[in-house]
Amino acid sequence: MNISATARKGHGKARRAGNGSAVEAGGRAGFVARGVIYFLVGVLALRIAFSDTGGGGGKTADRGGALAEIAQKPFGSVLLWVLGVALVGMALWRLSEAAFGAAGPDGQKATKRLASAGRAVFYGFMSYSVLMFAAGDKGSGSGSSDAQSQDVTARVLDMPGGRWLVGAGGVAVAGAGLWIAGRAALRKFHKHLRMGEMSRTERRAVDITGVFGGVSRGVVFAVAGGFAVTAAVKARSGEAKGMDDTLRSFTTTPAGPWLLALIAVGLAAFGLFSCANARWRRI
C-alpha cells in the first residue's frame, strides 16, 4: 500500500470535513456581519463629518457605536445575536483554514495558515464582544475604542521595555494598514473571488468597492498605527487613538471634514464589498 497516497487521501477527507457546508455557511454569514458593522461605522463617521459640532450626536464611529446603533432599532437585540453568531461562524471558518489549509494553490503554506489562525483569534474576540453586548454587558469589548486603546497602551507602557513594545505594535499596525491598502489598490482580492461568475456590472461594482473600501480601511489602520508610535515616542498613552479618534483626526487636516467624509464613504464601501465576499468568496 502506498503510505504517502493514503496519507494524502486522509488529509483530503479531513480538509473536506473542515471546509464542509456548515463551516462554509458560517464563513459567508461572517462576511455579511462584518459588512454590516463596517457599513454602519462608515455611516456614523459621515454623520460626524457633517455635524456642526463635530460630535455626530454623541455617537462613536467604531464597532461600539455600530452596535449601539443596531440596538436602538426594532428587533435590534435579535439582530445583535445574529451578528454575534455569524462572527462565530467566521472565526470557525478561519480556524478550519489554519487546520486544513485555505482554498487556492498556496493555501497550504505555513504563512497562510498562521495568518488564518490570527484571524480566527481576532474574529473570536470580535464575536465574543458582540454577543456580550447583546446579552446586556455594554462595556464588554464594545465601549469606546479610544478609551480601550489608551488603557491598553498605558498598561504596556508601564511594563519593562513598554515604549519599545508599543512602538513595535504601532509599526506593525501601520505596516498592516499599508499592506491592506496596497493589496486593495492592486486588486489582489480577485484571486479569492469567483470573478467569472459575475456580470460586467457586478464585477465593476466589486472592483470599485474592493479598491476604494480596502484602501480606506488600510489608511485608517496605518494612521492608527502612527498614533501608537507617537505614544511610544512621547511615552504618553493619551496619544494612542482607537478607530473613532483616528477617524476624527482626519478633520484636522487641510481638507477638513471632506477627508473624513471620503474615508467614511470608503468604509461603507468596504462593508458592501464584504457582503459581496459572502456571495462570491472561494471557501
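Visitor: Where is the place of tryptophan 258?

Guide: Tryptophan 258 sits in helix H10, which covers residues 257-280; helices here are DSSP runs of H or I with at least four residues, numbered from the N terminus. This is a predicted model, in which local features need pLDDT of at least 70, side-chain atom pairs count only at pLDDT 80 or more, and totals for chains, interfaces and linings use all residues. Residues are numbered from 1 along each chain as its sequence is written, and side-chain values use heavy atoms, with hydrogens and water left out.

Visitor: Why does tryptophan 258 count as exposed?

Guide: Exposed means over 50% relative accessible area, buried under 20%, and partly exposed in between (1.4 Å probe, protein chains only). Tryptophan 258 has 60% relative accessibility, so it counts as exposed.

Visitor: What makes Leu46, Phe50, Trp258 and Val265 a patch?

Guide: A patch takes residues with over 30% relative accessible area and no salt bridge, joining nonpolar side chains (Val, Leu, Ile, Met, Phe, Trp, Tyr) within 5 Å and like charges within 9 Å. Leu46, Phe50, Trp258 and Val265 form a nonpolar patch on the surface, and together they have about 410 Å² of accessible area, by the Shrake-Rupley method with a 1.4 Å probe, where only the protein chains shown count as cover for residues.

Visitor: What makes the pair of arginine 47 and glutamate 69 a salt bridge?

Guide: The rule asks for a side-chain nitrogen of Lys or Arg within 4 Å of a carboxyl oxygen of Asp or Glu. For arginine 47 and glutamate 69 the N to O distance is 3.0 Å, and the pair is a salt bridge. This pair links distant parts of the chain, 22 residues apart, with arginine 47 in helix H2 (residues 21-49) and glutamate 69 in helix H3. Arg47 and Glu69 also belong to a network of salt bridges with Lys73. The rule gives a count of 11 salt bridges.

Visitor: Why is glutamate 69 called buried?

Guide: Its relative accessible area is 6%, so glutamate 69 is buried. Arginine 47, at 39%, is therefore partly exposed.

Visitor: Which residue forms a salt bridge with aspartate 244?

Guide: That residue is arginine 248, with the closest N and O atoms 3.0 Å apart. Both lie in helix H9, 4 residues apart, about one turn of the helix. Aspartate 244 has a relative accessible area of 4%, so it is buried.

Visitor: What does arginine 28 touch?

Guide: Leaving out residues up to four places away in sequence, arginine 28 touches Arg194, Asn277, Ala278, Arg279, Trp280, Arg281 and Ile283; contact means heavy atoms within 4.5 Å. Arginine 28 is in helix H2, and its relative accessible area of 15% is why it is called buried.

Visitor: Why does phenylalanine 75 count as exposed?

Guide: Phenylalanine 75 has 70% relative accessibility, so it counts as exposed. It is found in the loop between helix H3 (63-71) and helix H4 (76-100), and has a positive phi of about 60 degrees although it is not a glycine.

Visitor: In the protein chain, where is confidence lowest and where is it highest?

Guide: By pLDDT, the predictor's confidence in each residue from 0 to 100, helix H1 (residues 3-18) is lowest with a mean of 48, and H10 is highest with 96. Over residues 3-10 pLDDT stays under 50. The chain has a mean pLDDT of 86, with 87% of its residues at 70 or more.

Methods: Helices (H or I, at least four residues) and strands (E, at least two) are DSSP runs, numbered from the N terminus.
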